[in-house]
Amino acid sequence: DPIEITEKYGTDAVRFTLASMASPGTDIAFSESRTESYRAFANKIWNAARFIFMNVDRAEESRAWSRTGFTARADAAMPTPTKLEDQWILSRFNAASQGIASALGDYRFHEAAHIVYHFFWGEFCDWYIEIVKLRLNAGESEADKQTTASALDFVLPIFEASLRLLSPFMPFITEEIWHAIYQGKPPQKSIALSAYPQPQPAWTSQQAEAEMALLQALIVDVRTLRAEMKIEPKVKAPVEIHAKGTVQKSIEESRGFVQRMANIESISFVTGSLSNALAVRVAPQYEVRVVYEQKIDVTAERERLNKELKKLETEMANAERNLSNEAFLAKAPANVVEGIHRRKGELEMLLEKSRSALAQLGT
């Protein structure tokens, strides 16, 4: 019963479910469990709004920032990003708006829904807002107030633009929050009448995306190591990192949010390789080790390394098979072949390090 489902989960959740399953040429096999998950998505949007408004109110009370300039514009212009996280989220927002515009133009509603879902939940909420919390939770000094102001100058316009991206899929919650952003005096009567975000090539930054991908991988690796070592969340453990050149520089420049996001006490850089140590994550660009006094389960570590080695060997065999296939090389684009060659070099290094780590365990 559509009325019953709508009353149970909300119109926006039902609408998003239908959009996410509207693949061309197929019937929709309605899923109540997916509707439940999209109700959680609506809650995520609402919670993000509450967090941002709480910081807006706090900043306005302390006179560190004012929303007046923002509400005076019909469509808030994006400020020029200077921090890595701002450059990254603006680039990812542009990629999302470009992907959504393309999908909607071809009536691929399920793809458009997938893109906006993963952008807002995965990139904006789980990464960007968590990083920006460092700036929003600054103290009361003049320098701290400037830090808070710079964060709000960026996070609020991105959030407002994200609501416009979401509007066709979840019109009711976005309408409510959008009016709240403009304090009941929006530039248009409805968010549905406001300009839909259009791709802006100038917002794309491949460098910022590459740097953030590196830092995200490092944070995920440290989190994984902590979980494997069963380190309690309240315990902040130091880490050692072996990296060189621009990689080390990127980590050093973003040390604050890396430590916060990965629950790290401190970061120290070592000159020698860590690949022979236990409980280490090895990536093409870095090696990271959590320094924690705990007995390592050698059997479990050996099993993990063997699984990782098997996976790497399979990927290497596939790469070598493609590179030795004349028919494939003749048809494949040059950038694809170049990418396989590059990945093959990375795999050779990772295989060497994994075998070295296994040898260290006495295998």
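Trainee: Where is Q183 found?
Mentor: Q183 lies in the loop between α8 (171-181) and α9. Helices (H or I, at least four residues) and strands (E, at least two) are DSSP runs, numbered from the N terminus. This is a predicted model, in which local features need pLDDT of at least 70 and side-chain atom pairs count only at pLDDT 80 or more, while totals for chains, interfaces and linings use all residues. Residues are numbered from 1 along each chain as its sequence is written, and side-chain values use heavy atoms, with hydrogens and water left out.

Trainee: What makes the phi of Q183 worth a remark?
Mentor: Q183 has a positive phi of about 55° and is not a glycine. Most residues other than glycine have a negative phi. N263 is also not a glycine and has a positive phi of about 60°. The place of N263 is in the loop between α11 and β2.

Trainee: Why is Q183 called partly exposed?
Mentor: Buried means under 20% relative accessible area, exposed over 50%, and partly exposed in between (1.4 Å probe, protein chains only). The relative accessible area of Q183 is 49%, so Q183 counts as partly exposed.

Trainee: Is N263 buried or exposed?
Mentor: N263 has a relative accessible area of 16%, so N263 is buried. In the protein, buried residues make up 43% of the 363 residues.

Trainee: Which residues of helix α10 are buried?
Mentor: In α10 (residues 245-253), V247, S250 and I251 are buried.

Trainee: How do you know that they are on the same side of α10?
Mentor: The arc is that of the directions from the helix axis to the C-beta atoms. These residues cover an arc of only 95° around the axis, so they lie on the same side of α10. G245, T246 and E253, on the other side of α10, are exposed.

Trainee: What do the buried residues of α10 pack against?
Mentor: They pack against α9 (206-228), β1, α11 (255-262) and β2. Contact means heavy atoms within 4.5 Å. In the protein, residues 24 or more positions apart account for 73% of the contacts with a separation of 6 or more.

Trainee: In what order do the strands of the sheet stand?
Mentor: Four strands form an open sheet in the order β2-β1-β4-β3, with mixed pairing. Two strands pair if DSSP finds at least two bridges between them.

Trainee: Why do β2 and β3 stand at the edges?
Mentor: β2 (264-269) and β3 (280-282) each have a single partner strand, so one side of each has no neighbour in the sheet.

Trainee: How many bridges join β1 to β4?
Mentor: Four bridges join β1 (residues 237-242) to β4, and these strands also run antiparallel. V239 stands opposite V290 in β4.

Trainee: What makes Y107 and F109 an aromatic pair?
Mentor: Rings of Phe, Tyr and Trp (its six-membered ring) pair if their centres lie within 6.5 Å; planes under 30 degrees apart count as stacked, over 60 as edge-to-face and the rest as tilted. The rings of Y107 and F109 are 6.2 Å apart, centre to centre, so they pair, and with 80° between the planes the pair is edge-to-face. Y107, at 58% relative accessibility, counts as exposed, whereas F109, at 35%, is partly exposed.

Trainee: Why is the pair of F124 and F159 called stacked?
Mentor: The ring centres are 6.1 Å apart and the planes are at 15°, which is under 30 degrees, so the pair is stacked. F124 is in helix α6 (residues 109-136) and F159 in helix α7 (residues 142-166), 35 residues apart, which links distant parts of the chain. F124 counts as buried at 0% relative accessibility, and F159 counts as buried at 0% as well.

Trainee: How do you know that the charged end of K133 sits over the ring of F51?
Mentor: A charge sits over a ring if NZ of Lys or CZ of Arg is within 6 Å of the ring centre and within 35 degrees of the ring normal. The charged end of K133 is 5.3 Å from the centre of the F51 ring and is counted as sitting over that ring.
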